[in-house]
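Subject: Handover of a structure and notes on it

Dear colleague,

Please find the structure below, together with the sequence. My notes follow it, arranged by chain.

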Amino acid sequence: MEMLFLTIALVLGFLTLLTLYRAIAGPTIVDRIIGTGVIGTKTTVILLLIGFLYRRVDMFVDIAIAYGLLSFIATLAASKFFLHRKTIVPGARRGNVPEEGA
Amino acid sequence: MSTVAIFLMIAGVFFFTTATIGLLRFPDCYTRMHAAGKGDTLGALLLLLGLALYNLNDGFSLAALLVSLKILSIAVFIFVANPTASHAIAKAAIDAGVRPWTRKGGKP
Amino acid sequence: MPVYAKDEMIRVLVTSLALFPVWLVWSGMFDAFHLTLGVIACAVVAWLSRDLLITRTDFSRLPREMVRFFLYLPWLLYQVVLANVHVASLALHPRLPIDPQLVKFRSGLKTDLSKVVFANSITLTPGTITADIVDGEYTVHALSKKAADDLLTGDMEKRVARIFGED
């Protein structure tokens, strides 16, 4: 069972690296916020898996709760912040809401 | 019980993987939000359920039950918070005027 | 006692009652000291967020809504699994058969809670995410024409309206 946890944690770590590409290279800020949020969810699960590997779940589950709450708040704060900025993408104007099927 | 937990965890890893592939392959931020908002929610939900079940597996005690309940509370929180977060991001993108990618429009 | 203050007291009380189980699970200590601390903490948090979390004043329908919500959950979970299989098949498909579009439609849901449940349900079901809500007008991003048409049949809205007794 230890092996399974270790494998899952390693796979999730690899997926986090792939997501990190989107968070760094993503063409717009929106893509970066999405990437960061996804990394946050994965990290919450990885923290729990580390807890099971070290047999200290009772401690790591609290860290995972705190991390999950903070990552949600960070995503909300980032999107709220950029909601009030003039531009997210170069060239796009604020209030330039795309029409239906445009 | 252990078999169910292993099955849940492997299914969770599968959905995490497809969500990441979708995040990398889809053409613009709205379609990527589909991958992030759905794939991540179910992936995390299944993995956490599997971990909570496995935690109850060896010896039933109050401490183990509390840890399982905490893991379940994380799962419920992610189930509510993930769609809300992608809703907030989508609103930011629409208000900033990011045009969605379309089949005929070509480049995002 | 004026009516407004009484309503506020009821709201604070209900919020504390909802917060206390969370304290019990997350603290994990059941001695008198920690229980007292929990009651105080829940009361303070409920008082600080008295006009934030719960805005209604009539709680007589709350038990029925909760029962109906739990009856709604299995269907929602089934839809979530369908949505993930849909996204997985799209992500692994070599040619990415998507035709994304924005759809706008009006919904008759009245309370904030039902709007939130409906918006999150849209996001979790196959091929659609909610992008914006302005006074009951929803802007939805759909991955294909079929997903948008499925949403516009209004099946899910009827289910959500049934939970909150708005049909």
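Does C:Ser16 count as buried or exposed, and why? C:Ser16 counts as buried because its relative accessibility is 15%, and buried means under 20%. Please bear in mind throughout that this is a predicted model.

Chain C

C:Ser16 belongs to helix H1 of chain C, which covers residues 3-27. Leaving aside residues up to four places away in sequence, C:Ser16 touches C:Cys42, C:Ala43 and C:Ala46.

C:Ile10 is also part of helix H1 of chain C. With a relative accessibility of 32%, however, C:Ile10 counts as partly exposed. A separation of 46 Å lies between the C-alpha atom of C:Ile10 and that of C:Ser144, two residues that are 134 residues apart along the chain.

The domain assignment divides chain C into domain 1, residues 3-48, and domain 2, residues 62-163. Taken over C-alpha atoms, the centres of these two domains are 33 Å apart.

As to confidence, chain C has a mean pLDDT of 85, and 98% of its residues reach 70 or more. Among the elements of chain C, the highest mean pLDDT, 92, is found for helix H2 (residues 32-48), while the lowest, 82, is found for helix H5 (residues 145-152).

A nonpolar patch of chains B and C

On the surface there is a nonpolar patch made up of B:Leu49, B:Phe60, B:Leu62, B:Leu65, B:Leu69, B:Leu72 and C:Phe30. Together these residues have about 640 Å² of accessible area. Helix H3 of chain B, residues 62-96, gives the most to the patch, with four residues. B:Leu69 is located in helix H3 of chain B, and B:Leu69 counts as partly exposed because its relative accessibility is 36%.

Chain A

The secondary structure of chain A consists of three helices and zero strands, so that the order of its elements from the N terminus on is α-α-α. Chain A has 102 residues, of which 45% count as buried. Its accessible surface comes to about 5,500 Å², and carbon and sulfur atoms account for 69% of this area. Of the contacts in chain A between residues at least 6 apart in sequence, 50% join residues at least 24 apart.

With kind regards

How values were computed: Residues numbered from 1 in each chain as written. Chains lettered and ligands numbered in written order. Predicted model: local features only at pLDDT ≥ 70, side-chain atom pairs only at ≥ 80, totals over all residues. Heavy atoms only, no water. Patch = residues over 30% accessible without salt bridge, like charges linked within 9 Å, V, L, I, M, F, W, Y side chains within 5 Å. Areas by Shrake-Rupley, 256 points an atom, 1.4 Å probe, with all protein chains shown as cover. Salt bridge = Lys/Arg side-chain N within 4 Å of Asp/Glu carboxyl O. Helix = DSSP H or I, 4+ residues; strand = E, 2+ residues; numbered from the N terminus. Buried < 20%, exposed > 50% of the residue type's maximum accessible area, 1.4 Å probe, protein only. Domains from an automatic or database assignment. pLDDT = per-residue confidence, 0-100. Contact = heavy atoms within 4.5 Å.
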